[in-house]
Amino acid sequence: MPSIEGADAAILDRLWQVVEDRRNAGDTMASHSARLIARGTAKVAQKLGEEAVECVIEAATGNRSATVLESADLLYHLVVVWVDAGIRPLEVWTELARRQGISGIAEKAARPQGIIRAAGTTKLP
Ligand SMILES: N=c1c2ncn([C@@H]3O[C@H](COP(=O)(O)OP(=O)(O)OP(=O)(O)O)[C@@H](O)[C@H]3O)c2ncn1[C@@H]1O[C@H](COP(=O)(O)O)[C@@H](O)[C@H]1O
């Protein structure tokens, strides 16, 4: 794969700043981010859902290259959700770091049983 400058995880921090700047500038003619945020929180959240479904479809059908493209769409729209909600990436990084080293299976087993029963969902094994 050819290397592109800036192609690392820190791009999410930079993308967040760009989208935040676009939101503050409010130029809905020039910026897709500003235009989307101007349409309201429900629309911003809906777009994240749509992109998530598109990513799920590509992943479920084993379309690797399309899954990469849809993942980028999904992350961009997640960043727009964070900007709209006033969430800084550091808050999410902090939560991920807090979970580091804690097995997901052990964490789930330690949850209060009532919460698990209340969810009442049918899941794939
Ligand atoms: N990563 C992205 C990115 N990924 C996808 N998109 C846009 O997201 C839109 C998705 O199109 P859709 O048809 O699904 O959505 P829609 O146009 O809102 O249409 P509806 O669903 O409402 O009908 C397209 O216009 C894509 O170009 C993105 N737009 C911007 N970015 C990044 O955000 C930065 C700032 O962009 P602007 O805010 O446009 O300046 C850019 O430099 C990029 O780094």
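The following legends describe close-up views of a predicted model.

**View 1. Surroundings of the ligand.** The ligand is surrounded by 13 residues, and R22, S31, H32, S33 and K47 are the closest. By class, the residues of this shell divide into six charged, four polar and three nonpolar. Three side chains may be followed in this view. In R22, an N or O atom of the side chain is 2.7 Å from an oxygen atom of the ligand. In K47, an N or O atom of the side chain is likewise 2.7 Å from a ligand oxygen atom. For R39, a polar side-chain atom lies 2.8 Å from an oxygen atom of the ligand. On its own, the ligand has 850 Å² of accessible area, of which the protein covers 53%. Two or more residues of the shell come from each of the elements α1, α2 (32-38), α3 (41-60) and α4 (64-85).

**View 2. The salt bridge between K47 and E50.** K47, one of the closest residues to the ligand, also forms a salt bridge with E50, in which the closest N and O atoms are 3.1 Å apart. Both residues belong to helix α3; because they are three residues apart, about one helical turn separates them. E50 counts as partly exposed, with a relative accessibility of 30%.

**View 3. Side-chain contacts of R23 with E20 and N24.** E20 is found in helix α1, which spans residues 11-25, and N24 lies in helix α1 as well. The side chains of E20 and R23 are joined by a polar contact of 3.0 Å. A polar contact of 3.4 Å joins the side chain of R23 to that of N24. E20 has a relative accessible area of 13%, under the 20% limit, and is therefore buried. N24, at 52%, is over the 50% limit and is therefore exposed. The C-alpha atom of N24 is separated by 42 Å from that of A110, which is 86 residues away along the chain.

View 4. A network of salt bridges links E95, R98 and R99. The side chain of E95 meets that of R98 at an N to O distance of 2.7 Å, and it meets that of R99 at 2.9 Å. In helix α5 (residues 89-99), E95 and R98 are three residues apart and so are separated by about one helical turn. E95 and R99 are four residues apart in helix α5, again about one turn. E95 is partly exposed at 29% relative accessibility, and R99 is partly exposed at 46%, whereas R98 is exposed, with a relative accessible area of 54%. In the whole structure, a search finds five salt bridges.

Notes
Residues are numbered from 1 along each chain as its sequence is written. This is a predicted model: local features need pLDDT of at least 70, side-chain atom pairs count only at pLDDT 80 or more; totals for chains, interfaces and linings use all residues. Side-chain values use heavy atoms; hydrogens and water are left out. Buried means under 20% relative accessible area, exposed over 50%, partly exposed in between (1.4 Å probe, protein chains only). A polar contact is a pair of N or O atoms within 3.5 Å; within protein, one must be able to donate a hydrogen and the other to accept it, and residues adjacent in sequence count only if both atoms are side-chain atoms. A residue is near a molecule or strand if one of its heavy atoms lies within 4 Å of it. Accessible areas come from the Shrake-Rupley method with a 1.4 Å probe; for residues, only the protein chains shown count as cover. Ala, Val, Leu, Ile, Met, Phe, Trp, Tyr, Cys and Pro count as nonpolar, Asp, Glu, Lys and Arg as charged, and the others, Gly among them, as polar. A salt bridge is a side-chain nitrogen of Lys or Arg within 4 Å of a carboxyl oxygen of Asp or Glu.
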